[in-house]
Amino acid sequence: MGIVVKKVDLTWLDRTYLWPIAKGLSITLTHFLKQLITPTKKRRTVQYPDMKRPVLDGYRGLHELKRHDDNSVKCVACYMCAEACPARCITIEAEDIGDLNIHQGLIEKRPVVFQIDLLRCIFCGMCQEACPKDAIWLRKNYELSCKSRAEMRLGKFDLMNTYAVEDRKSRVNRDPNNPTFFKQ
Ligand code: SF4
Ligand code: SF4
């Protein structure tokens, strides 16, 4: 069924177009003056980056690839996250490891390459949901900027270090047992 839209008849004052402009400007000016006399903490305008609004629980920001206590990666290269990812932005290459590790137990595989293309990622959190090892988390960092597209493709060690400063952890740069781990 069609909807009849009521025609608004303009008064002669409206037809000057000056009155509506003056009305609009007075509203803007009122808000501006209100902001000036409002204490900084109560202002709606956030002076980013000096001020930051707290991030809500459940916010899905930059990923972290979790580590064990010995700084080895928790991921067992099962590809579940890559399969679940709707944006197809996770690239994993696995390698076999047969060692019985005191921290990890018997692990058969680990990622030699683990890469996320953040330009394609939609931060849906499906990778976190799909991970059987609780090895990938989306945490609260939303300050993602870069100077080139390549910088937005984070590798295994980038992802292991994303929250190192915040968590006061040492940065992981390479696997001491395998110097070729830079291949990512
Ligand atoms: S957050 Fe979503 S889109 Fe981004 S890597 Fe994880 S599953 Fe893929
Ligand atoms: S992050 Fe989790 S789901 Fe993805 S490959 Fe590693 S263990 Fe599997």
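**Notebook: loops, sheet, core and ligands**

I began at arginine 88, which counts as exposed because it has 10 C-beta neighbours inside 10 Å. The scale I used calls a residue buried if 20 or more other C-beta atoms lie within 10 Å of its own, exposed if 12 or fewer, and partly exposed in between, with C-beta atoms placed from the backbone. Arginine 88 sits in the loop between helix 3 (80-84) and strand 2. I noted its positive phi of about 50°, although it is not a glycine.

*Ground rules.* This is a predicted model, where local features need pLDDT of at least 70 and side-chain atom pairs count only at pLDDT 80 or more, while totals for chains, interfaces and linings use all residues. Residues are numbered from 1 along each chain as its sequence is written, and chains are lettered from A and ligands numbered from 1 in the order in which they are written.

*Overview.* I found five helices and seven strands in the protein. For these I took DSSP runs numbered from the N terminus: helices are H or I with at least four residues, strands are E with at least two. Along the sequence the pattern reads α-α-β-α-β-β-β-β-α-β-β-α. Of the 184 residues, 15% count as buried. I also looked up contacts (C-beta atoms, placed from the backbone, within 7 Å). Among those with a separation of 6 or more, 67% join residues 24 or more positions apart.

*Helix 2.* I checked the length of helix 2 (residues 18-37). Helix 2 is hardly covered, with a buried count of zero among its 20 residues.

Tyrosine 17, which is not a glycine, has a positive phi of about 65°. Tyrosine 17 lies in the loop between helix 1 (12-15) and helix 2, and counts as exposed with 10 C-beta neighbours inside 10 Å. The peptide bond from tyrosine 48 to proline 49 is cis, with omega near 5°. Proline 49 belongs to the loop between helix 2 and strand 1 (63-65).

*The sheet.* In what order do the three strands of the open sheet lie? I read 2-5-7, with antiparallel pairing. Strands 2 and 7 stand at the edges with a single partner strand each, so one side of each is left without a neighbour in the sheet. Pairing here needs at least two bridges found by DSSP. Strand 2 (residues 90-96) and strand 5 (residues 109-117) share seven bridges, and alanine 94 has proline 111 as its bridge partner in strand 5. Two bridges join strand 5 to strand 7 (residues 153-154); there, aspartate 117 is partnered by arginine 153.

Of its 16 residues, Leu65, Cys75, Ile90, Phe114, Ile116, Ile136 and Leu159 touch the most other members. Strand 2, strand 5 and helix 5 (156-161) each give two or more residues to this core. Leaving out residues up to four places away in sequence, phenylalanine 114 touches Leu65, Cys75, Ile92, Gly155, Lys156 and Leu159.

Ligand 1 is surrounded by 15 residues, the closest being Cys85, Cys121, Cys124, Met126 and Cys127. Its shell divides into 14 nonpolar, one polar and no charged residues. Here Ala, Val, Leu, Ile, Met, Phe, Trp, Tyr, Cys and Pro count as nonpolar, Asp, Glu, Lys and Arg as charged, and the others, Gly among them, as polar. Around ligand 2 I found 13 residues, with Cys75, Cys78, Met80, Cys81 and Cys131 the closest. That shell has twelve nonpolar, no polar and one charged.

*Cysteine 121.* Is cysteine 121 buried or exposed? It is buried, with 21 other C-beta atoms within 10 Å. Cysteine 121 lies in the loop between strand 5 and helix 4 (126-130). Its C-alpha atom is 6.1 Å from that of cysteine 89, 32 residues apart along the chain.

Conventions. A residue is near a molecule or strand if its C-beta atom, placed from the backbone, lies within 6 Å of it. Two residues are in contact if their C-beta atoms, placed from the backbone, lie within 7 Å. A nonpolar core is a set of buried Ala, Val, Leu, Ile, Met, Phe, Trp, Tyr and Cys residues joined through C-beta atoms within 7 Å.
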